[in-house]
Amino acid sequence: MDFPGAHILSIEQFQREDIERMFRTADRMEPYAQRTRLTRVLEGAILGNMFFEASTRTRISFGSAFNLLGGEVRESVGMDSSSLIKGESLEDTARVLSGFSDVICMRHPESGSVARFASASRVPVLNGGDGSNEHPSQALLDLYTIEKELQARGRKIDGLRVAMIGDLKYGRTVHSLCKLLSLYKGIQVVLVSPTELLMPEEIIALLREAGHRVTITEKLEESLAQVDIVYSTRIQEERFTDRAVADSYRGRFRLNQAIYTKHCDPNTVIMHPLPRDSRAEANELDRDLDENPNLAIFRQTDNGLLVRMALFALILDVAHLVEKHEQAIHWHNPRLLTPTDEQ
Ligand code: NCD
């Protein structure tokens, strides 16, 4: 695909070589994300960060990624504080905001809403999550993390074995991740969910058309022994019309250190898009896993910054200029403290 000026609405837009290009661009972002080097390559550019649905990490990650490239961020948070509540159409909002911004990130509770918004926008729009449909940047950072974790184990994405666990019906991150995996070869996917919360049929079909082996089960323990990556997800309670129904699924699939030790290979990577639901009745990833070096959830969020910086750099066509626009850092960088300094 042609990155400059492109909207990023769905993983369906990408070919495998686009992903490769983006990941190698993300690798180059590491020193800037760590603040060991500073670039101002997006000086003068404005990101409109429009989040019409709850978000912490995606919103701050997009905003920080833009700031780290030297750009500025304007935000609108929540439906109640936006003019959508006064009956303004998404298209009008898009036309207005694209007059103020050079690129827009948007999250909205309706599937397809970000594409509608993009159709009326004069600047590129990045989908930060549209209802239960897709969350492309999350899937990209998930796959980037998978690549790094596997690399450390001498493996590649092709041939990966992954279990996706939880609410696979409404979970947009797993929808996008499956679409992404369909670009690779020889993947084994174990889908673990209550039957009512199965992965949508068209996404299962896509995996199978790619020649991947898909297993569907309700049994967590059985799935754990067969995989390299365990990708846990939260019950998407905000998508249920009846909260009691959502509650009835909560806590169905819990992973803790004892279960991990008993059923997983010692090197199995644990992932989650976050937020993990840590309430006692859910607790899908127990806090006792926090000491497990294979818990990659915070490496995912760190990697998210790199992937989002790469997306901005490619879409605004400055990826080749990042190093040319470096400046000196004058402030004390706490990240440069060694572990000994911290004690
Ligand atoms: C996810 C989302 O919003 O879809 N969160 C995120 O952006 N990392 C997953 C979730 O909310 O469960």
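1. In this predicted model, helix α3 (residues 57-68) and helix α12 (residues 297-315) have axes that come within 8 Å of each other and cross at roughly 55°, an angle that makes α3 oblique to α12. The crossing in which α3 passes α12 is right-handed. On the α3 side the contact is made by Arg57, Thr58, Ser61, Phe62, Ser64, Ala65, Phe66 and Leu68, and on the α12 side by Thr301, Gly304, Leu305, Arg308, Met309 and Phe312. Sorted by class, the residues in this contact of α3 with α12 are seven nonpolar, five polar and two charged.

2. Helix α12 also packs against helix α1 (residues 16-28), here at an angle of about 110° and with the two axes 8 Å apart. Because angles of 65 to 115 degrees count as roughly perpendicular, α1 and α12 are therefore described as roughly perpendicular to each other. The crossing of α1 past α12 is right-handed, and the contact involves Arg21, Met22, Thr25 and Ala26 of α1 together with Leu306, Val307, Ala310, Leu311 and Leu314 of α12. By class, the contact of α1 with α12 comprises seven nonpolar residues, one polar residue and one charged residue.

3. A further helix pair is formed by α7 (residues 172-181) and α8 (residues 201-209), which pack at an angle of about 20° with their axes 9 Å apart; this angle makes α7 roughly parallel to α8. The α7 and α8 crossing is left-handed. In α7 the residues His175, Cys178, Lys179 and Leu181 meet Ile203, Leu206 and Leu207 in α8, and the class count for this contact of α7 with α8 is five nonpolar, one polar and one charged.

4. On the level of domains, the domain assignment of the protein gives domain 1 as residues 11-134 + 301-328 and domain 2 as residues 136-298. The centres of domain 1 and domain 2, taken over C-alpha atoms, are separated by 25 Å, and the contact takes 34 residues from domain 1 and 27 residues from domain 2.

5. The size of an interface is often given as the accessible area lost when the parts come together. By that description, domain 1 and domain 2 bury about 2600 Å² between them, with 54% of this area on carbon and sulfur atoms. Within domain 1, the residues that lose the most area to domain 2 are Ile11, Arg16 and Phe23, which together account for 26% of what that side buries.

6. Some backbone details deserve a separate check, given that most residues other than glycine have a negative phi, and most peptide bonds are trans. The peptide bond that joins Leu274 and Pro275 is cis, with omega about 0°, and Pro275 lies in the loop between β10 (269-271) and α12. The loop between β10 and α12 is also the place of Asn283, a residue that has a positive phi of about 45° although it is not a glycine.

7. Arg35 is another residue other than glycine with a positive phi, its value being near 60°. The position of Arg35 is in the loop between α2 (30-33) and β1 (38-39).

Technical notes
Residues are numbered from 1 along each chain as its sequence is written. This is a predicted model: local features need pLDDT of at least 70, side-chain atom pairs count only at pLDDT 80 or more; totals for chains, interfaces and linings use all residues. Side-chain values use heavy atoms; hydrogens and water are left out. Axes are lines fitted to C-alpha atoms, for helices over the stretch in contact, and angles run from 0 to 180 degrees between N-to-C directions. Helices (H or I, at least four residues) and strands (E, at least two) are DSSP runs, numbered from the N terminus. Angles under 35 degrees count as roughly parallel, over 145 as roughly antiparallel, 65 to 115 as roughly perpendicular and the rest as oblique. A crossing is left-handed if the near helix is turned anticlockwise from the far one by less than a right angle, and right-handed if clockwise. Contact means heavy atoms within 4.5 Å. Ala, Val, Leu, Ile, Met, Phe, Trp, Tyr, Cys and Pro count as nonpolar, Asp, Glu, Lys and Arg as charged, and the others, Gly among them, as polar. Domain bounds come from an automatic or database domain assignment. Buried area is the accessible area (1.4 Å probe) that two parts lose on being put together, summed over both.
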